[in-house]
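Thanks for coming, everyone. Please have a look at the structure on the screen, and then I'll walk you through a few of its side chains.

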Amino acid sequence: MDKYHRYQSELGEKSTKLVYTNGTIEFQNFGRLHNYPDPAVIYPNGDTEFWVQGIRHRDDGPAVTIGNKHYYFKVGEFIKFELNPSKI
């Protein structure tokens, strides 16, 4: 891990932003991945993961985007998988 800093989100939550040497950024709240309503993990290539209090979750889109692959999760439960044809 390269560096981290604590900050207060727009919703008033006290969080930690971790920036790793490979460029990956993680947002944590009390040691759990969390950055509602934004991605909690952002990879250097643009891939993202949405987590809420340590659980993969997103109401309005895919919780995990890896290239053209979209994975949908609700409260940690896998819902469906889609390919985004615009990125093939």
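Let me start with a term. A strand here is a DSSP run of E, at least two residues long, and strands are numbered from the N terminus. With that in hand, take glutamate 77: this residue is found in strand S11. One caution before I go on: this is a predicted model.

Is glutamate 77 buried or exposed? It counts as exposed, because its relative accessibility is 53% and the cut-off for exposed is over 50%. Now look across to isoleucine 55. Along the chain, glutamate 77 and isoleucine 55 are 22 residues apart. Their C-alpha atoms are separated by 9.0 Å.

Next, the rings. How many aromatic pairs does a search of the whole structure find? Two. One of them joins tyrosine 71 and phenylalanine 81. Their centres are 5.0 Å apart, and their planes make an angle of 50 degrees, so the pair counts as tilted. Tyrosine 71 sits in strand S10, which covers residues 69–74. Phenylalanine 81 sits in strand S11, residues 77–83. What about accessibility? Tyrosine 71 is partly exposed, at 24%. Phenylalanine 81 is partly exposed as well, at 39%.

The other pair is phenylalanine 73 with phenylalanine 78. Here the centres are 5.6 Å apart. The planes are 70 degrees apart, and the pair is edge-to-face. Phenylalanine 73 is buried, because its relative accessibility of 12% falls under the 20% cut-off. Phenylalanine 78 is partly exposed, with a relative accessible area of 42%.

Now for charges over rings. Which residue lies over the face of phenylalanine 50? That is arginine 58, at 4.0 Å from the ring centre. There is also lysine 80, which lies over the face of tyrosine 72. In that case the distance to the ring centre is 4.8 Å.

Last stop: histidine 34. Find the loop between strand S4, residues 32–33, and strand S5, residues 41–42. Histidine 34 has its place there. Buried or exposed? Histidine 34 is buried, with a relative accessible area of 3%. And what does its side chain reach? The backbone nitrogen of glutamine 53, at 2.9 Å.

That's my tour. I'm happy to take questions.

Terms used: Residues numbered from 1 in each chain as written. Predicted model: local features only at pLDDT ≥ 70, side-chain atom pairs only at ≥ 80, totals over all residues. Heavy atoms only, no water. Phe/Tyr/Trp six-rings, centres within 6.5 Å; stacked < 30°, edge-to-face > 60°. Helix = DSSP H or I, 4+ residues; strand = E, 2+ residues; numbered from the N terminus. Buried < 20%, exposed > 50% of the residue type's maximum accessible area, 1.4 Å probe, protein only. Lys NZ or Arg CZ within 6 Å of the ring centre and 35° of its normal. Polar contact = N/O pair within 3.5 Å; in protein donor to acceptor, adjacent residues only side chain to side chain.
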